[in-house]
Structures are given as structure tokens and as C-alpha cells.
Amino acid sequence: MSAPATAEPLLRMAFALPLLLWAGEALAQRGGEKVLGDASVAGTIDCPTVTIHFTGPIRYSGASPTDQGTEVRLRVDMVSPSGAPDRDFLPVPDGGLLVRSIAYEPDAVGGPVLAIHFRTLTRFEVSLGHDSQSLVLSLRNIARHGGCPVEQPADSAVAPLETDELRRLQGVAEEAVANGQYEAASDALDRILGQRDTAFAPRALELSGMIHERRDERGPARLRYEEYLRRFSGSPGADRVRQRLAALGEGDGGGQSPVADGQRWRTTFSGGLSQFYSRDTSRNVFVDARRPDPVEEVDRRVNIDQLLTAIDINMAATDGETRINVRAAGSYTLDWRPVTLVGSSRSSGDDTQRISALYFDAQHYRLGLSARIGRQSLFGSGVFGRFDGIRAGWAVDPSWTLHAQAGRPVFSTRTDRIVHDRGFYGFTLGYAPRDQPLELQAYWFDQRSGGLVDRQAVGVEARYTTPGIALWGLADFDVGFGTLGHAFLNATVPLSEGGSLGVQFDQQYYPSLSLANAAIGQPVHRLVELKQLFSRATLEQLARDRSARTRSMSVVYTQPVTPQWQANLDLVVSRTEGLPASGGVDAIAGSGTEYYLGAQMTGNGIVENGDTLIFGVRHARTARFRILSFDSAARFPFGIISVEPRFRFARRTDRFGPGYQNAYRPSLRITGAASPTVALDAEVGFTFLDQRWSDAAFVGKSDERATLINIGYRYSF
């Protein structure tokens, strides 16, 4: 007897989850392009500095809430996305105990956000990293004061406790630790440690470290013991804490090896695994009103039916002078869509494995040497994206650096689409004077294909970064084509009362200008074959004809309105030039000038502490349509579970006819923390599309109903 149709997807998921839990099948990102690179933490356990690296340069335009909360949503856009990004996540780095989860949500209301959830009420400051590809978060646990390098503000002061109450709390913590009741013990210890340096603080720190140690959280335990010795090195329990710290070893992996100078290696191993089952089904009813006896044509589709598995593993070792890092990130998509031999290609099974990062990285701090070998990402130095190869560097002195890079560009992370007929090399000279906000880089880039120069360029990059202002610009001049291939400028300026203004200008070609573009639309697809058919001059002209120049400018304005509400306004203006007909390829019309205007209000703690309300409206004028949309979303925490309802309405009208489309998209998402390392995520959504045509060519209507289910988990280790 077969299972009911409604239960079949769940049975498939139950069967596939244990099957795909091994790393050999789980190689990289979920579906779309990976956005998050890695994360690292420094500082103390209560006042850490968390640095989050992205796979490319970013534009940061504000945080909501602005300075403290149990969650912060950072508005982050990729400057030059290489593909449609999917939801992405990072494992919480070792020692980042304040952070519960790090996730990137490209489909958030009002634009992409980086959502960071904290385990307790946390004060934060956010700044853009010097490399334009990272964000730096300075965090402070408001409930505790110990270990913080700065004084806490008056509004976060904790009421003083009497000595008898502190003694009672210590007794509660001692008994709870002995009985394995770690949550109750932690609550009591939090109150003790919130009283600064009392006579009960040393034992509270030791007990806190013991709790982490018994939970096998060796990184946080080590930080607690180190904080104890830093603050209370002369206390009676210091020797006992030193013994506990020594028993932990020098790293999470426990691997130790002596080096020449007597230091020992400290090793760390971290990573994350996620699996999501997605199913999208639709039913479309189409009516051709031109027929004398209109008949409804029903089209049922399984658009998505797949299990997406992603894994990201990072291993590092350091002895204080040398650091070695190995990283692997990849994904595997198991596709169950039915293969349709006749009809649309939307229904065709397509299992896909991807490798987004796979490299070995080494640095020697004293000698100023570094090298990264393998699949990696770079934006700058003439490389705009992912490549397989090597990038080596040498810090000539504190101000001057020299880098060399060589390899093959990776146009798709799909392992069955690796292109081997292009290779490049380049050199970069950097100048960054110590204690100065200005950084400059100049580079030479040369890429060959089929024995021909594919792309040859010189360029310059400049960055100016202060605690408030961040400027970054780039100009890439193509020597072979004699034209400006890529120009970019991004500026973020703080305004009064917590506001900020971000402006970005970008000019580039799609696809990137190179001689290999001449093969687009030709019967052969490689330069080594194409050069047998055309002269160099003809190839250059065909390449120009297949490369569309695009210019865009965007402005983002963020301003807190009240302590609970924040307003965001954004404007994007873009224009893509048309392509002429040549070489047997038809002409492609340009887009004309397109406008996108949006406004959004974000509220925090409106209904209850920890909630988020978002309302947004957008208007777009594209080459063919006018689009008006309204979005509303909310997030309500209930303990370890958060409920996130969302509704979107959009109306699209044809600029050249009376046709229109109305779209209604309600959805409900539920997220939860099953444990400190496991997060659950489930979402169900519906789409209702009503489309009408009425012009000289066609009269009719189409009504589509779709259901989307997305369920899965993320595991950090």
C-alpha cells in the first residue's frame, strides 16, 4: 500500500536526512550563491569583538535596533552579487558565547539583512571593516560588567545586592552545579557577576567556567578561566583555576606540538551543517478570451522538490607566530522533480553539487608572508569573483605590501561546469601607512584563453575609513579594449542623531568585458576554436557587441525616528545599454532608465520586548512595467521559538498596454533553538497571481495558485 500523496515529501525527507549527513555528499551553499565567508571572535567572553567576513564587498546602511537588544538586523547589500543569493548562515565562532546565530536573509522586507541573535540583552557597536568585505561588531553583555574594557552606561547599571543575598546566590549556584542544573546555576551566577568585583566574583567566574567545561564548551571555558587569572591572580583559588586551564589543553581539538621557541600550537575546529527540504507546487488556470468558446486550460507543476544540504568546515592552528587555516564549504542538491520529456523545462530533475570554498591558508606574522591555495573569492586586484589558484603576499614593511595571484576563474560552483581554458596572473602593490585612514592599491592583471589575450587591465583601489566615514573606490581600465571596464565608488557618511547616508555609483559590463564574450551565440564556445574562424579585430568587435555596459546609482538614507522606530529610504537609478546585431546574433534592446524607490519603517519592542515590526512600500519603473508593492512582516519571540508572519501585495501594470498582474503572498515562518548548537526553521507560504491581458495581440487571463514549504535545520559545531 503506497503512502498518501501529502505524506510523500515528509517520507522522502525522513529517508534522506540520515543518508546525507556525511560530508562527502554535502559540499557547499544552499541553492544560490554563498554570501557569508567566515566569522572570528576576539576579546573577553562578555565583551567580544566579532568580525564577519563576506565573499565580496558589501554596503552597510544601518542597524535595527541601533545600539542594544536580543537581536540586531543589519542592512547589508552585496556590492556586486555574482548570482541570486539564498538564505545563508555561519556557525558561531569559538568563544562567541553571546551570539546565538548568524544568518543572511536576502528576501527580507525592504532589502537584504544580516540577522544576528544574541543569548541575552546585548549592547553593540557596528563598523565596516577596512577591507570593505567585513563587519566588526563590538559586543557587551549588559547583565555583566566583568572583563569589559569600558564603563557601562548609567542606564544599564544593575541594582546593588546585599552581602547576604550574594552569599545565598552563591549557595544556589554551588548546589545547582553539583546537581547538573546548569541553567539555574547560570542565572544565579549572572546576578553575582553583575555586581562587579565583589568577594563572590572569583568563585562565580570559576563556576561559570566549570559549567562550560562540563558542557564541552572548551573555548568559553578557557575564556572564563583566563579572565579569572587576569582579574584575581592573587586569590586563594588561582592555583586551582590554573590547573583547570592547563587540563583544557591549548586548543579545542586537543592537538599540541612543541615548536622551536617553546610555544605550543593552539588548534580550533568549527563548522556548520544545514539541511532544508523545499517543495513548491502550482496550479495555473489559463483562459484565451479570443476563442468563441473559451476553455480553461489547467497546468499543474512541481516547481521545486528537493533536499539542499550545505556544510562549512574550518580548521585552524596557531602558535602565536604562524597561523594555518583550512576551509571547505560546499553543497549538494538532491532534486526529486519529475523529468518531463515534453513541455517546459521547469520540471526536470537536476541533482547538483557545488564547491564554493576549498583552500589552505597560511600566514607568518613575523616574516610578513601569507599564501592561500585553492578555491577562493576575491574582489579587487583585477579579480572579481571566485577562482581556483593561489594568492601570495609579502608585507615589505609596515606600510607596503606586495601580492601576486594566479589561477583560473570559476564561472559556476557546479562541479560539472569547471572551465579549464582560461588562466590569469596579476600583481598588486599596496600602501597603507600605519595609523592613517587611507589605503591605496595598484595592480596589473593578465588573462589568457586559447593562446590569446582574453583580458588585460591596470587598476587602482582606494579606501578611506574612520570610525564614522567609509569611502571605497575602484577603477579598472582594460588595456586590450582601451576602455574603462569597471568603475565603482561607495561612501557611507554618519548623520546627526544616529542617521546615516550611503551613496554608491557603479559602472561595469555584463558579462565582464573579455575577448571570450565573442563566443556568445556562436556555434563554437571556446576561443581556441573561434580564432580559426575570425580575425583578432573581428573577435574584439564581437566581444564588444556581446558586452552590455550598465550604469547604476543608489542612495540609502537611514534615520531613527523614535527610540523604537527607524526609517529607511532608498533610491536606485540604473541604465543598461542595448547590444547591436552582429555575427548572426540578434540585437538586444537596452533597458532605458529604470527607477526603484522604497521606504520602510522598522520597530523594535512595540508589542513586547524582543519583537520586530516592519512595514515597507516600493515603487519601480522598469523598461516594460510599473510595479507597486507593499510588505509587512513581524517577528514575535516566545522563549526559544520565534513566529514570523509576513504578507506582500504587488501590482504590476504594463507600460505599453492595459494588462496587469496582482500578486498576494502570505507566509508564516517559525524558528527555534533546539539547543545551543541546533536551530530549526520551518516556513509555509502561498502565492496567488491574477493576470490579465487585453491588447491587439492577445486577450485572456491567468490565475495561478502556488504553495511553498521549506523546513530544515542548522547545526553548528
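Predicted model: local features only at pLDDT ≥ 70, side-chain atom pairs only at ≥ 80, totals over all residues.
1. Helix α4 (residues 201–214) packs against helix α5 (residues 218–231). The angle is about 165°, and the axes lie 7 Å apart. Angles over 145 degrees count as roughly antiparallel, so α4 is roughly antiparallel to α5. The crossing of α4 past α5 is left-handed.

2. On the α4 side, the contact is made by P202, R203, L205, E206, S208, G209, M210, H212 and E213. On the α5 side, they meet P220, A221, R224, Y225, E227, Y228 and R231. By class, the residues of this contact divide into seven nonpolar, three polar and six charged.

3. The structure holds 11 aromatic pairs. One of them joins F118 and F124, and this pair is stacked. The ring centres are 6.1 Å apart, with 25° between the planes. F118 has 4% relative accessibility and counts as buried. F124, at 3%, counts as buried too.

4. F649 and Y664 also form an aromatic pair, and theirs is tilted. Here the distance is 5.1 Å centre to centre, and the planes are 45° apart. The pair links distant parts of the chain, 15 residues apart. F649 sits in strand β27 (residues 641–654), and Y664 in strand β28 (residues 660–675). F649 has 24% relative accessibility, so it counts as partly exposed. Y664 is also partly exposed, at 30%.

5. A further point concerns a ring cluster. F379, F384, W472 and F488 are linked into a cluster by ring pairs.

Conventions: Residues numbered from 1 in each chain as written. Heavy atoms only, no water. Axes fitted to C-alpha atoms, helices over the stretch in contact; angles between N-to-C directions. Helix = DSSP H or I, 4+ residues; strand = E, 2+ residues; numbered from the N terminus. Parallel < 35°, antiparallel > 145°, perpendicular 65-115°, else oblique. Left-handed = near helix turned anticlockwise from the far one by under 90°. Contact = heavy atoms within 4.5 Å. Nonpolar A, V, L, I, M, F, W, Y, C, P; charged D, E, K, R; others polar. Phe/Tyr/Trp six-rings, centres within 6.5 Å; stacked < 30°, edge-to-face > 60°. Buried < 20%, exposed > 50% of the residue type's maximum accessible area, 1.4 Å probe, protein only.
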